[in-house]
Structure formats: structure tokens, C-alpha cells
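Please consult the sequence and structure shown below while reading.

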Amino acid sequence: MLILHCPNCGVMADETELTAGGEAHIKRETVGSDDAAFEQYLFQRENPRGVHFERWRHTSGCGKWFHAARCTASLEVFGTYPAQTVEPPKEITDKITAKRPGWSWRSFS
Amino acid sequence: MSEAVSALKSAEYQGFARVSECGLRGMITVRGDLASRKLTKAVEDATGQQMPKPRMVNTDGPSGIAWMSPDELLVMVPYADVTGKLAQIDKALAGEFAMAVNVSDARAVFALNGNAREVLAKLSPADMRRSALPAGEMRRTRLAQVPAAFFADADDAFTVVCFRSVAHYVFDLLKAASDPSSDVGYF
């Protein structure tokens, strides 16, 4: 059972209170983007064994979105952080580096 | 005008905890910037209660304010006063980027007395230990398959709020979970 700390209301919310929102930090393409960029935006997703960044919504709680960094292999949670950002905060990436040296995920490492 | 009634007309059940529907309660949802002094004053004047800290609820009898999310409050007032209080809040919020809506008839409220923590622990994923959910803290979560919110008062009696459309479902859940032969004895 996955238990995530909701950074919006501070509750330790278990998986059944949350809704998974897919991969985090996807850049939205719009008018003027080429086909390759649209394909990337619409269809190409990471499916790593290891460090992963996801969006979650505290559906049965405060109703707000947030980001989570976790390991898909061990289910270890490295941390959660607010949704109003385009990249993981340094304290989260530092924590991941300490536990999984040499990790990388898309353009982050 | 037709007579307003609550969903279950104050139905009651006595198990190892006592479940009773509280009848009509006045409830106003307020959304806006909770750090705003104008909004704070509007809800404090309407209820006579102080603005709660995150996740907390301040109540005195039927009047109270509950923190529901970073931009949402639940204002509780006596049912008979709700129209007047809403007008008062609307007036105080004039010009503010905020919204107040009367949701009284969209909600059902239950009182749980006795070993209420035991009952709620069976139905929700919330940590029901006193240290994790002390008196005066509002916990929004789910009861089995529907959203609900509850908080304890100083005597460990719980108030459970759910949508009116699922009032009967929630009452059945609370009845089954407080069946006298089903006391787990954890709390």
C-alpha cells in the first residue's frame, strides 16, 4: 500500500484516497509545434524500473493535485512536492541522488 | 412553502456506538484566498468563531468554521439562519475574489457517540489514533465508497458529514460498523 504525504493539506493519505494522474512534468505542446513534439506530448511516456515522477490528486481529501517522486521497483517514496512547478525541487533530487546514485529520468538527474 | 426535512429524519441506531442523524444543519461553502483579512472577518463575524488553522475546525454548538482545503472553508450555522448569514457573508465579500454558496440541503450530518474511533477506523483509511487525529481536527476522507468528512470534539464524540444523496448508504455503513457483536476493541 502506497502512503503519500499531501503537501497541500498535510495529511498522510493512503493510495485509496488518491487518484493517480500519470507522469509528471509533461510539457504541453500547442499551436506551432511540429508533429514530433506533439507525438512526444501526447503518446510518449516513461515506464521506468526505478526512479519515477508522478502526478497524484488527493481526491477524497482536499481535492488538490501534487507531485510525487518514488521508486517503481521498491515502492520507496522519495518525497512529494506541490504541483506548481515544472521540475522537481533540489531537496527531492538530492534525496534521490543519496539513495540512487547516478539516477536519471528524462532531462533530470 | 414546503417543510424542509433532513435526509433520514433524525434516524438513530444504538450499537457499541450510538449513531444518530443530526437533522437539518446550515452549511455554507466559502472558497477564496484564506489569508485574506476581508474573508477572515466575513466568516468570523458570521459564526462568532475564529478562523481555523489548516485542517482544524472551530465550533460552538451549531456554529463553526472548518478548514476544508487550502482555498475552501465550511461555515456552519443554525439551519434557520442560513439565508441571512449567507447574505451577510456575500455583503462582506463584495469586491473579493471569493464565493459563498448555501449547501445545507446537499449534506447529511451524523453524530457518533461511544467508541466512535473504532467505527470510523473500519470504514475509512484515516489514521484514527488520538495522536494522529486529535479533537478539533477535520479529516476529509472516504467512508467505504463515498467521500465524507469528520471531526471529534473534546469528549471524543464525532460529527460525520456526507452528501445527502448517500445519507442512507452512510447510515447503513455506520450501523453495520457499530454492530454490538463487531467491536474489535482496538481503541
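## Salt bridges in chain A

A:Glu29 and A:Lys27 are joined through their side chains by a salt bridge, at 3.7 Å from N to O; the term denotes a side-chain nitrogen of Lys or Arg within 4 Å of a carboxyl oxygen of Asp or Glu. A:Glu29 is buried at a relative accessible area of 16%, whereas A:Lys27 is exposed at 61%. Buried stands for under 20% relative accessible area, exposed for over 50%, and partly exposed for values in between (1.4 Å probe, protein chains only).

A second salt bridge links A:Arg70 to A:Glu54, with the closest N and O atoms 2.6 Å apart. Because A:Arg70 lies in strand E5 (residues 65-71) of chain A and A:Glu54 in strand E4 (residues 51-57) of chain A, the pair ties together parts that are 16 residues apart in sequence. Strands are DSSP runs of E with at least two residues, helices are runs of H or I with at least four, and both are numbered from the N terminus. A:Arg70 is buried, with a relative accessible area of 11%, and A:Glu54 is buried at 12%.

## Basis of the model

The model is predicted: local features need pLDDT of at least 70 and side-chain atom pairs count only at pLDDT 80 or more, while totals for chains, interfaces and linings use all residues. Residues are numbered from 1 along each chain as its sequence is written, chains are lettered from A and ligands numbered from 1 in the order in which they are written, and side-chain values use heavy atoms, leaving out hydrogens and water.

## Salt bridges involving chain B

In chain B, B:Arg55 pairs with B:Glu137 in a salt bridge whose closest N and O atoms are 3.0 Å apart. B:Arg55 lies in the loop between H1 and strand E4 (57-60) of chain B, and B:Glu137 in the loop between helix H3 (116-123) and strand E9 (139-143) of chain B, so the pair ties together parts that are 82 residues apart in sequence. B:Arg55 is partly exposed at 23% relative accessible area; B:Glu137 is buried at 8%.

Salt bridges with shared partners also join A:Lys64, B:Arg31, B:Asp71, B:Glu72 and B:Arg140 into one network. Over all chains, the whole structure has 18 salt bridges.

## Helix packing in chain B

Helix H1 (residues 37-47) of chain B packs against helix H2 (residues 82-92) of chain B at an angle of about 160°, their axes being 9 Å apart. H1(B) is therefore roughly antiparallel to H2(B), a term for angles over 145 degrees.

Conventions. Axes fitted to C-alpha atoms, helices over the stretch in contact; angles between N-to-C directions. Parallel < 35°, antiparallel > 145°, perpendicular 65-115°, else oblique.
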